[in-house]
Amino acid sequence: MTIQKLQKGYAEKKFSVREVVDGHIAKIEKLDGQINAFITKTFESARKQANEADERITDYGKDAFKQFPLLGIPIAHKDLYLTRGVKTTAASKVLENYIPQYSATVVERLKNAGAIMLGKLNCDAWGHGASGENSDFGPTKNPVNKGYVPGGSSSGSAAAVAAGFVILATSTDTGGSTRQPASFCGVVGMKPTYGRVSRYGIVSMASSMDTIGHITRSVEDAARVLFITAGKDEHDATSTDGKVQDYIPQGSVEGLKIGLPKEYFAEGVEKEVKDAVMEAAKKLEDARASIQEVSLPYTKYVIPTYYIIMSSEVSSNLARYDGIRYGGGRGAFADEARRRIMLGTYSLSSGYKDKYYSQATNVRELIKQDFSEAFKKVDVLLAPVSPTPAFKFGEKTDYPLKMYLSDVLTAGVNLSGLPALALPCGFTENGLPIGFQLIGKHFDEATLFRVGQNYEQISTSNRS
Amino acid sequence: MAKLDRKQVEHVAKLAKLSISSGELPKFGGQLGKIVEYVGKIAELKTQKSKVKTTTQNSKVSREDGAKRECLAQEEATGNTKNKHNGLFVVPAIFEE
């Protein structure tokens with residue numbers, strides 16, 4: 001079910017918003033005990049908003065959807081997004097009783113567009129993780145196979161969309177936290193260009209890399225949502241003035257140049273993943289895009305650079321949780337948060353700052369240049385999202401560094417501020433989803449949606 | 001194998017205002033040591049000092065003077081603290097009485 005199909009059904013009176021919201025609530029009540037996608041449920045207010053949406057449709061007919069482009073769409077927010085009056089925990093015991101006094105700009109924009117919030121979604125606490133196992137409220141399970149992680153940190157967001165609990169889940173992506181769980185759960189994950197979407201009211205992780213994304217089941221839905229969330233916000237000084245396009249994808253991929261970074265298909269990427277992603281590239285080539293190999297030589301320095309800069313910024317951003325104005329105090333931080341705060345503090349401390357933090361900012365420029373050089377030759381890059389499909393619970397929790405290496409194919413994009421779109425492209429032999437990502441030039445989300453939708457259409461028509 | 005010793009972990013924890021128990025020091029020392037050793041590989045690159053950009057884009061980040069800002073009422077602003085006095089946040093003392 002997509003946004004357009006749902007709203008068509010509402011307009012044609014095939015079903016009401018209240019029926020649809022009740023149906024989603026029933027599904028969550030029946031199944032979320034096994035999945036643990038939600039930390040907080042807001043069903044009472046969702047029902048009320050559903051009734052109001054039905055009244056709007058009765059009063060204004062099809063015009064209601066022009067004024068409220070997401071009218072009647074059930075959504076949920078990652079629990080890093082502040083929601084006024086609704087508990088927001090960042091999936092951490094530090095904020096287990098925090099009730100925000102204001103909402104994030106993106107929360108307001110989606111609400112004003114008519115979307116109906118069903119609740120707040122589980123994640124790795126503070127956005128720190130790549131599996132969902134770092135939540136202080138229990139891990140989320142992958143709906144495709146509950147013995148496996150859904151990915152992270154937007155674990156609940158990807159699981160909620162994959163399980164059909166919501167049509168849209170908001171997410172964040174600082175090192176891959178939208179794309180990787182979308183890929184593990186077989187759904188679509190949109191990471192916009194840094195500055196495209198306001199970060200105001202969303203718990204900060206690494207302020208130079210945090211991007212505000214979303215997870216949906218289709219590329220067109222991802223495009224429709226970005227049109228609502230994108231745009232200058234006076235509350236976020238890093239949000240861009242640039243014009244927000246109509247992102248609805250149009251056009252073929254004929255003549256488009258797609259680059260495959262050779263370092264992203266190297267040793268360490270599992271064969272099943274490589275084969276599925278290469279198959280996706282071939283399908284686009286059959287649709288008359290051209291494919292060529294490119295190189296991003298500084299890829300092997302992405303993880304060290306990312307972890308030094310990210311943890312340094314984390315150590316600063318989490319300094320505010322001192323228990324004075326809000327929260328339970330620093331004693332409630334779990335291991336992963338403490339590890340990252342200490343790594344960042346070490347990297348910035350006297351005697352180590354030049355070797356780690358300053359050097360990392362220099363290497364960051366080299367990584368950015370890699371992408372700039374590649375984009376002189378091609379319009380878009382295509383690559384796997386993760387070296388492996390979803391893994392089993394506990395497989396990496398004893399080895400923090402092993403977990404960090406999961407980010408090798410995603411974090412370079414965050415260091416460079418580029419947009420990327422993760423799409424499903426197949427399954428492993430034991431039924432786990434495999435995803436690939438399209439990486440674009442700054443503010444060229446439109447090309448990502450165009451390629452993505454063309455791929456969706458090709459792969460759907462191949463199946464039928 | 002790289003490891004941060006107890007003193008190093010205690011020092012970093014103090015700077016970060018985190019309490020790490022003595023039982024936890026070896027665990028974090030080991031984990032952080034391995035991570036620091038791994039990320040330290042960037043030292044092998046000879047780099048020029050970057051003109052560090054504060055954002056990844058060259059966009060203007062300053063705000064206009066006099067921009068309208070909503071303001072929380074005092075009761076709302078102090079609504080999440082466990083420790084307030086006469087509508088004000090209570091903070092740890094800096095000077096002894």
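Begin with chains A and B displayed together: between them they bury about 4,700 Å², 62% of it on carbon and sulfur atoms. The model is predicted, and the predictor assigns the complex an ipTM of 0.90 and a pTM of 0.96.

**The contact surface.** Select the residues of each chain that touch the other. On the chain B side there are 54 residues, in contact with 58 residues of chain A. Between the two chains, 17 residue pairs are in polar contact, both members having a pLDDT of 80 or more. Next, colour chain B by helix. The largest share, nine residues, comes from α2(B).

**Confidence in chain B.** Switch to colouring by pLDDT. Chain B averages 85, and 81% of the residues score at least 70. In chain B, confidence is highest in α1(B), at 95, and lowest in α3(B), at a mean of 93.

**Salt bridges across the interface.** Three salt bridges are found across the interface of chain B and chain A. Select A:Arg338 and B:Glu24, which form a salt bridge with the closest N and O atoms 2.6 Å apart. Extending the selection to A:Asp335 and B:Lys27 shows one network, in which salt bridges that share partners join these residues with A:Arg338 and B:Glu24.

Then centre on B:Glu76 and A:Arg84, whose salt bridge has its closest N and O atoms 2.8 Å apart. This pair crosses between chains, from helix α3 of chain B to the loop between β2 (74-78) and α5 (105-112) of chain A. B:Glu76 is partly exposed, with a relative accessible area of 28%, whereas A:Arg84 counts as exposed at 53%.

**Salt bridges within chain A.** Over all chains, the count comes to 23 salt bridges. Move to helix α9 (residues 271-286) of chain A, where A:Asp275 and A:Lys271 lie four residues apart, about one turn of the helix. Their closest N and O atoms are 2.6 Å apart. A:Lys271 is exposed at 60%, and A:Asp275 is partly exposed at 41%.

Finish at helix α12 (residues 354-377) of chain A. Here A:Glu365 and A:Lys368 are three residues apart, about one turn of the helix, and their side chains meet in a salt bridge (3.2 Å, N to O). A:Glu365 is buried, with a relative accessible area of 17%; A:Lys368 also counts as buried, at 13%.

Conventions
Residues are numbered from 1 along each chain as its sequence is written. Chains are lettered from A and ligands numbered from 1 in the order in which they are written. Side-chain values use heavy atoms; hydrogens and water are left out. Contact means heavy atoms within 4.5 Å. Buried area is the accessible area (1.4 Å probe) that two parts lose on being put together, summed over both. A salt bridge is a side-chain nitrogen of Lys or Arg within 4 Å of a carboxyl oxygen of Asp or Glu. A polar contact is a pair of N or O atoms within 3.5 Å; within protein, one must be able to donate a hydrogen and the other to accept it, and residues adjacent in sequence count only if both atoms are side-chain atoms. Helices (H or I, at least four residues) and strands (E, at least two) are DSSP runs, numbered from the N terminus. pLDDT is the predictor's confidence in each residue, from 0 to 100. Buried means under 20% relative accessible area, exposed over 50%, partly exposed in between (1.4 Å probe, protein chains only).
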